[in-house]
Every structure is written in structure tokens, then in C-alpha cells.
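Here is my note on the structure you sent over.

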Amino acid sequence: MLEIQYTVKSNKMAEERLQEVIPNEVIMKQIVLLRGQKVILDKDLATLYQVTTGNLNKAVSRNIKRFPSDFMFQLTTEELKNLIFQFGISSWGGTRKLPHAFTEQGVAMLSGILNSDRAISVNIQIMRVFADVRKMLLDNTELRLAIEEIRRKTDNHSKNIELVFKYLDELLEKKANPVSRELIGFKPGETESGSI
């Protein structure tokens, strides 16, 4: 019984140590937007997993059926040039092939072909970061919609206030420039014929 408790406790400690191998901010910086999808490039994943990019790509090519185009795609020359320009990197480390970009599902699939403890813990962490990014985007969208609703309401209020000021200006103008008109109704000292 004591041995089982010790094993469970040591497994929890090992899991806690592996849970945050890399700060989440480092992983978030590796996520880029390409073709309308959040992806991580093969060289960045290899760095996180502490393997070479070549070995990562070999493992992927041996299991290519697991990586359809919505899980992984190869960058075009133009996309690579754009990334190099965005990040201000003079070269991409001398790669001979265009890099691969892995979507969230592609990164999850990598967990099935990379079996080291580090790869497993990093994969879990990357999945959590992708979930956090998705949540932040959702929160941003909700905030943007709320701001737009407030803006729409204040636009209506502004129009109504302008209308009120326009009517007030008209009333003030009429008071300042009264129109002389003949009074109607009974006038004291007058008889029905019109004279006293």
C-alpha cells in the first residue's frame, strides 16, 4: 500500500515537472498565421522538442498518411520570403527544402509519432497554448461585438441629441424674432359690431 502511494506521488511530481517544460510565452511566439490558420513551423517545433528539423521531418515523412493538408502543409517560396521579411531574419538557417507548417491538429498528430517524454510534455503544453489562443480570440471577438453595440447605441443617441438641439435652436429663434400677428378672441371694450 505504501509503495503504491509513493509511486502515485512520484508520478504526480514527474508530471508537474514535465507540464511546463517551456514557458507558454515562448510557444505563443512560435505560432504564426498562414493561409488563415494558426500554425507552427517545423524548425520551431524541432527546437521545442529538442530534435533536429531533419529528424522531425523524417518522422513525419515515415507517417505521411497521418498528415493531410489541413494538418500540415509546405510553405511556398513567396510565403517563406514574407516570413523572413516579417521577422527580419537574413536567412532561414540554410534550409534546402521549404518548411512545413503544422496546424493544431498536425501538432496533436505529432504526439503519436514522437514518443519521448519531452515530446509528450511539450505536445500537451502546445495543445494548451493553442486552446488559450483560441479562447483569447473568442474573448476578443466578444469584446469587439460589445464595443460595436455600444457604438451603435451612442450613434443613435448622438443623432437624437442633435435633433433636440436643432428644435431648441428653432424655438429660441422664434422667441427672439416673434411674428406679429393679430390676436384673436374677445377683446375687452369691444362690442359685437366692432366698436364701443
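Is R35 buried, partly exposed or exposed? R35 counts as partly exposed, at 44% relative accessibility; buried means under 20% relative accessible area, exposed over 50%, and partly exposed in between, with a 1.4 Å probe and protein chains only.

1. Basis of the note. This is a predicted model, in which local features need pLDDT of at least 70 and side-chain atom pairs count only at pLDDT 80 or more, while totals for chains, interfaces and linings use all residues. Residues are numbered from 1 along each chain as its sequence is written, and side-chain values use heavy atoms, with hydrogens and water left out.

2. Helices (H or I, at least four residues) and strands (E, at least two) are DSSP runs, numbered from the N terminus. Strands β1 (residues 31–34) and β2 (residues 37–41) pair in the antiparallel sense through four bridges; two strands pair if DSSP finds at least two bridges between them. L34 has Q37 in β2 as its bridge partner. The two strands form a hairpin with two residues between them, and R35 in the turn has a positive phi of about 55°.

3. The other side of the pairing. β2 is also joined to β4, by two bridges, and these strands run antiparallel. Here the bridge partner of I40 is F102 in β4.

4. Salt bridge at the turn. The whole structure has three salt bridges, each defined as a side-chain nitrogen of Lys or Arg within 4 Å of a carboxyl oxygen of Asp or Glu. One of them joins the side chains of E79 and R35, at 2.8 Å from N to O. E79 lies in helix α5 (residues 77–87) and R35 in the loop between β1 and β2, so this pair ties together parts that are 44 residues apart in sequence. E79 counts as buried, at 16% relative accessibility.

5. The other salt bridges. The side chains of E104 and R134 meet at 2.5 Å, N to O. Because E104 lies in helix α6 and R134 in helix α7, the pair ties together parts that are 30 residues apart in sequence. E104 is buried, with a relative accessible area of 18%, whereas R134 is partly exposed at 41%. The side chains of D44 and K43 also form a salt bridge, at 3.1 Å from N to O. D44 is buried at 12% relative accessibility, and K43 is partly exposed at 27%.

6. Helix α3. Why can α3 (residues 42–49) be called largely enclosed by the rest of the structure? Six of its eight residues are buried. Those residues are D42, D44, L45, A46, L48 and Y49. Their cover includes α2 (24–30), β2, α4 (53–62), β4, α6 and α7. Just after α3, Q50 takes a positive phi of about 60°.

7. A119 and Y49. A119 is in helix α7 and counts as buried, at 3% relative accessibility. A119 and Y49 are 70 residues apart in sequence, yet their C-alpha atoms are 5.3 Å apart in space. Apart from neighbours within four places in sequence, A119 is in contact (heavy atoms within 4.5 Å) with Y49 and L114.

8. T103. T103 sits in the loop between β4 (100–102) and α6 (104–113). At 2% relative accessibility, T103 is buried. What does T103 touch, not counting residues up to four places away in sequence? T103 touches Q37, K38, V39, D70, F71 and F73. The side chains of T103 and Q105 are joined by a polar contact of 3.2 Å. A polar contact is a pair of N or O atoms within 3.5 Å; within protein, one must be able to donate a hydrogen and the other to accept it, and residues adjacent in sequence count only if both atoms are side-chain atoms.

9. Position of L171. Helix α7 spans residues 117–176 and holds L171. L171 is exposed, with a relative accessible area of 56%.
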